[in-house]
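Subject: Structure handover

Hello,

Please find below the sequence and structure we talked about handing over. My notes follow it, one region at a time.

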Amino acid sequence: MNKEYLMIYAAALKYYQMGKYNEAEKLMPRLRNVLPDWPRTRLLEAYIKRGEKDYVAEVDELESMLKVMGLYTASDITPMGRARRDKESLSFAAEAWSMKGSAETMLCRPRDAVFSFRRSVLLEPDISQKLVEMSNAIFAANYAKDYSAVEFQTLYAQYRELLSLTIKPMPPVFYSHDKLRIGFLSASLRRHPVAYFLWPLLHYHDHDKYLMYCYQANGNSDVVTKLLMRDTDKWRNISDMDDKRVAEVIRSDQIDILIDLDGHTSGNRLPVLEYRPATLQMSGIGYMNSTGMRNVDYFISDTSCGRDTDVNDSYFTERLMVLPQTHLCYAPLIKMPEVNYDIGENIVFGSFNNFSKVTDEMLGIWAKILERAPQSTLFLKSRHFDNEKMRSFALKRMDKQGIDPSRVKLEGFSDDYLAEYNHVDIALDTYPYTGGMTTVEALYMGVPVITRYGKRHGTCFGLSILKNCGLEELAADDAASYIERAVSLAHDRKLLCGLHSTIRGMMKSSPLMDGKRYAEAMQNQFDERI
């Protein structure tokens with residue numbers, strides 16, 4: 001390796017790691033002069049673009065790199081094509097395809113993202129990383145409205161095949177404990193939506209009948225972690241253990257029911273469940289669809305999300321465990337701002353959802369809402385808008401779908417984002433990947449949320465939340481009804497003011513925040529199945 005190259009590369013990498021992207025970028029021409037097509041050069045260039053949140057440029061850079069490497073087309077990635085490559089080249093290419101998939105997810109190009117992650121799986125030499133990339137592909141598919149049950153099942157089958165290559169399940173085991181041992185496995189036991197939904201189960205569980213175990217897969221802890229620990233009988237930090245060791249720890253704890261809270265979200269430890277360490281295994285709360293695994297027996301659902309049995313049976317490998325009211329229970333574990341709403345001259349529609357969930361179809365629907373409510377604006381808040389490049393990209397997308405950029409306000413993430421809801425009249429949910437915590441927080445801040453639902457399980461989170469709060473009339477089953485509900489509410493200022501003053505109270509007295517009732521409902525389900 002060229003010594004000059006290594007010195008410049010080390011300096012550029014250090015700048016990148018420090019978040020000094022401009023300084024790193026200044027060194028790239030020198031790197032390209034020394035070794036213009038070296039994969040390390042191109043990857044670092046792509047990482048810098050990612051750091052700058054210039055995802056379009058990142059994708060372009062990665063495509064160029066893969067074409068130069070000869071690992072871009074289908075014929076390049078055949079077994080014979082891969083056999084001609086050294087392990088390092090395959091690792092570089094696999095990383096590039098994975099980065100491309102992540103960038104395409106951020107750009108709301110879900111089918112492209114699934115394709116890229118699957119290419120990464122083919123090239124990745126390491127089996128554990130193959131599982132991560134396959135999980136990424138499954139997660140990205142949830143953003144696509146038209147991803148069929150057959151397509152999901154194809155992804156699930158590939159995931160199971162990868163699991164089977166290295167994991168041999170433990171023999172079945174049954175216990176006769178005086179108290180059922182319930183284990184929760186998650187990488188989100190911190191200030192994260194999963195923790196807010198888990199706390200009621202821990203806090204209100206029947207101490208005479210159950211022992212609660214938590215397996216913390218996230219290395220970082222915070223004040224919310226400490227709150228969860230107070231209501232847990234046994235706490236294990238397993239963040240530095242491999243999957244097999246975690247499974248052994250769970251087996252040694254003699255867990256009757258193990259519940260994965262993350263599904264295919266980032267940092268998940270789903271392979272642990274493939275070892276079958278517990279008698280009965282479930283998933284849910286932090287993820288909206290099937291794990292695709294045979295060693296997960298149940299998926300936690302409710303009568304709103306699991307209402308279409310035939311459709312859900314086609315999308316799931318687990319049986320649905322249907323709770324009678326809500327599968328989520330919200331506890332605001334941090335100090336929440338007060339509702340301080342004052343209706344203005346113009347109606348403000350808002351969405352604080354991750355902008356990667358906002359499809360072109362959704363933008364077109366919002367354009368029609370703005371057209372029919374001419375004295376209105378659109379306020380979007382997302383980490384996407386932390387810099388000018390993504391703001392410009394978003395405004396171009398909106399303009400193409402008929403939204404006048406002059407009627408749009410874009411803001412990046414801020415610590416006071418909850419208080420910003422006091423400047424929103426009506427929240428607009430996304431589809432098909434609907435909001436969960438985003439919808440709950442908007443409602444808690446008194447903001448009525450218009451949501452759309454379909455037949456697929458994950459599209460019904462908004463319906464479930466609204467129904468349990470007594471606001472089912474704000475949920476629509478098609479685009480036309482979604483538009484009508486939003487426009488009708490925008491023209492009824494008296495109703496808007498009334499909703500803003502009463503929604504938080506409605507939530508507090510609803511099943512969505514009745515932790516005791518929720519814990520009892522879950523415990524009844526545990527008792528029936530063990």
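Asn295 is a buried residue, since its relative accessible area is 15% and buried means under 20%. Please keep in mind throughout that this is a predicted model. Asn295 sits in the loop that links β5 (280–283) and β6 (298–302). Its side chain comes to 3.0 Å from the backbone oxygen of Glu274. Leaving aside residues up to four places away in sequence, Asn295 touches Pro169, Leu273, Glu274, Arg276 and Gln281.

Ala94 belongs to helix α6, which covers residues 87–106. Its relative accessibility is 0%, so Ala94 counts as buried. With residues up to four places away in sequence left out, Ala94 touches Ser120, Leu123 and Glu124. Leu71 is 23 residues from Ala94 in sequence, and their C-alpha atoms are 9.3 Å apart in space.

Helix α8 has 15 residues, 127–141, and at 1.5 Å a residue it should span 21 Å. The C-alpha atoms at its ends are 21 Å apart, which agrees with that figure. Its buried residues include Leu131, Met134, Ile138 and Phe139, and also Lys130 and Glu133. What do the buried residues of α8 pack against? They pack against α6, α7 (110–123), α9 (149–166) and α13 (270–274).

Strand β1 (residues 180–186) pairs with β2 in the parallel sense, over 7 bridges. One of the residues in this pairing is Phe184, whose bridge partner in β2 is Cys214. Between β1 and β2 the chain passes through helix α10 (residues 193–203), making a right-handed β-α-β crossover.

β2 also pairs with strand β3 (residues 234–237), in the parallel sense and over 4 bridges. Here the bridge partner of Gln216 is Asn237 in β3. The chain gets from β2 to β3 through helix α11 (residues 223–230), and this β-α-β crossover is right-handed.

As background, strands of a sheet pair through backbone hydrogen bonds, and the pairing is either parallel or antiparallel.

Strand β12 (residues 449–452) pairs with β13 in the parallel sense, over 2 bridges. Thr451 has Ala475 of β13 as its bridge partner.

Lys381 in strand β9

Lys381 is in strand β9. Is Lys381 buried or exposed? At 4% relative accessibility, Lys381 counts as buried. The side chains of Lys381 and Glu411 are joined by a polar contact of 2.8 Å. The side chain of Lys381 also reaches the backbone oxygen of Gly412, at 3.0 Å. Not counting residues up to four places away in sequence, the residues that Lys381 touches include Ser351, Phe352, Asn353, Phe413, Ser414, Tyr417 and Glu420. Asp425 is 44 residues from Lys381 along the chain, and their C-alpha atoms are separated by 14 Å.

Gln17 in helix α1

Last, Gln17 is in helix α1, which covers residues 3–17. Its relative accessibility is 59%, so Gln17 counts as exposed; the cut-off for exposed is over 50%. Gln17 and Leu323 are 306 residues apart in sequence, and their C-alpha atoms are 46 Å apart in space.

Regards

Definitions and conventions. Residues are numbered from 1 along each chain as its sequence is written. This is a predicted model: local features need pLDDT of at least 70, side-chain atom pairs count only at pLDDT 80 or more; totals for chains, interfaces and linings use all residues. Side-chain values use heavy atoms; hydrogens and water are left out. Buried means under 20% relative accessible area, exposed over 50%, partly exposed in between (1.4 Å probe, protein chains only). A polar contact is a pair of N or O atoms within 3.5 Å; within protein, one must be able to donate a hydrogen and the other to accept it, and residues adjacent in sequence count only if both atoms are side-chain atoms. Contact means heavy atoms within 4.5 Å. The expected span of a helix is 1.5 Å times one less than its number of residues. Two strands pair if DSSP finds at least two bridges between them. A crossover is right-handed if, with the strands pointing away from the viewer, the path from the first strand over the helix to the second runs clockwise.
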